[in-house]
Amino acid sequence: MTTTPLTRYDRRMLRLMNDRRAQPLYATATRRRLVVAAHVVLTAAIGGFMAHLYLAEGEPVSSVVVMAVLMLPWMVATGAINAATRGLLELRERALDERQSAERVRVQARAHRAMTLLLVVAAAGLLTAGAIDGDAPTAYAAPVLVAVLVVHWLMPLWVAGLTARDEPAEDDGPVAV
């Protein structure tokens, strides 16, 4: 098997994804779950304001301002999840070892199953709304489809953040024989 040498970009991203300065944010499984939960909530809030911007005929500037303010903690949470997974989904395949490549495949498979379920629920919801009120799918189809697209894009990141394992503890003490 031939390996492609790492480019300067690959080496820089590998260094960035393995930077442990923010480790207190994601050091334990509970903290990683909280970061992922915060990311999901922030994504939903931004999506809600985006849907409001799309559907409402009121003052759109306030929605844009709120979305812009929410983007900063969203980006911090995204970075924390990427750091917790050591760039599992952000690094190119050639920068990953065999264990990380296998983990990437597992994460993508889980995310694919979750997205299939979400797409079924979204389609059923739109069809049910159409059966109840003929105009409902027309008005809400675009925001629902955008929301599903965003979740499709972020689901692997969330799954990776939820399934990441704790770092092994560094043992500085003497080894018992």
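Where in H3 does a kink of about 30 degrees lie? It lies at Met71, shortly before the proline Pro73.

## The model

This is a predicted model: local features need pLDDT of at least 70, side-chain atom pairs count only at pLDDT 80 or more, and totals for chains, interfaces and linings use all residues. Residues are numbered from 1 along each chain as its sequence is written, and side-chain values use heavy atoms, with hydrogens and water left out.

## Helix H3

Helix H3 covers residues 60-84. Helices are DSSP runs (H or I, at least four residues), numbered from the N terminus. H3 has 25 residues, so at 1.5 Å a residue it should span 36 Å. The expected span is 1.5 Å times one less than the number of residues. The end C-alpha atoms of H3 are 36 Å apart, which agrees.

The kink at Met71 is a bend, the angle between axes fitted to the seven residues ending at a residue and the seven starting there. Several residues of H3 are buried, including Ser63, Met67, Leu70 and Trp74. Buried means under 20% relative accessible area, with a 1.4 Å probe and protein chains only. An α-helix has 3.6 residues a turn, so residues three or four places apart point the same way. After H3 comes Arg86, with a positive phi near 55 degrees.

## Asp10 in helix H1

Asp10 sits in helix H1, residues 8-17. Its relative accessibility is 2%, so Asp10 counts as buried. Asp10 touches Arg92 and Arg94, leaving aside residues up to four places away in sequence. Contact means heavy atoms within 4.5 Å.

## The largest pocket

The largest pocket has a volume of about 450 Å³. A pocket is an open set of points on a 1 Å grid over the protein atoms alone, with protein on both sides within 12 Å along at least five of seven lines; lining residues have an atom within 4 Å of a point. The volume is the space filled by probe spheres set on the points.

The lining has 19 residues; Thr43, Gly47, Val146, Ala147 and Val150 lie nearest the centre. H2 (29-55), H3 and H5 (136-163) each supply at least two lining residues. H2 gives the largest share, 9 residues. By class, 16 are nonpolar, 3 polar and none charged.

## The second largest pocket

The second largest pocket has a volume of about 330 Å³. Its lining has 15 residues, and Ala84, Thr85, Arg99, Ala164 and Arg165 lie nearest its centre. The largest share, 4 residues, comes from H4. Here the lining has 5 nonpolar, 3 polar and 7 charged residues. Asp, Glu, Lys and Arg count as charged; Ala, Val, Leu, Ile, Met, Phe, Trp, Tyr, Cys and Pro as nonpolar; the others, Gly among them, as polar.

Terms used. Buried means under 20% relative accessible area, exposed over 50%, partly exposed in between (1.4 Å probe, protein chains only). On a 1 Å grid over the protein atoms alone, a cavity is a set of points where a 1.4 Å probe fits but cannot get out, and a pocket is an open set with protein on both sides within 12 Å along at least five of seven lines; lining residues have an atom within 4 Å of a point.
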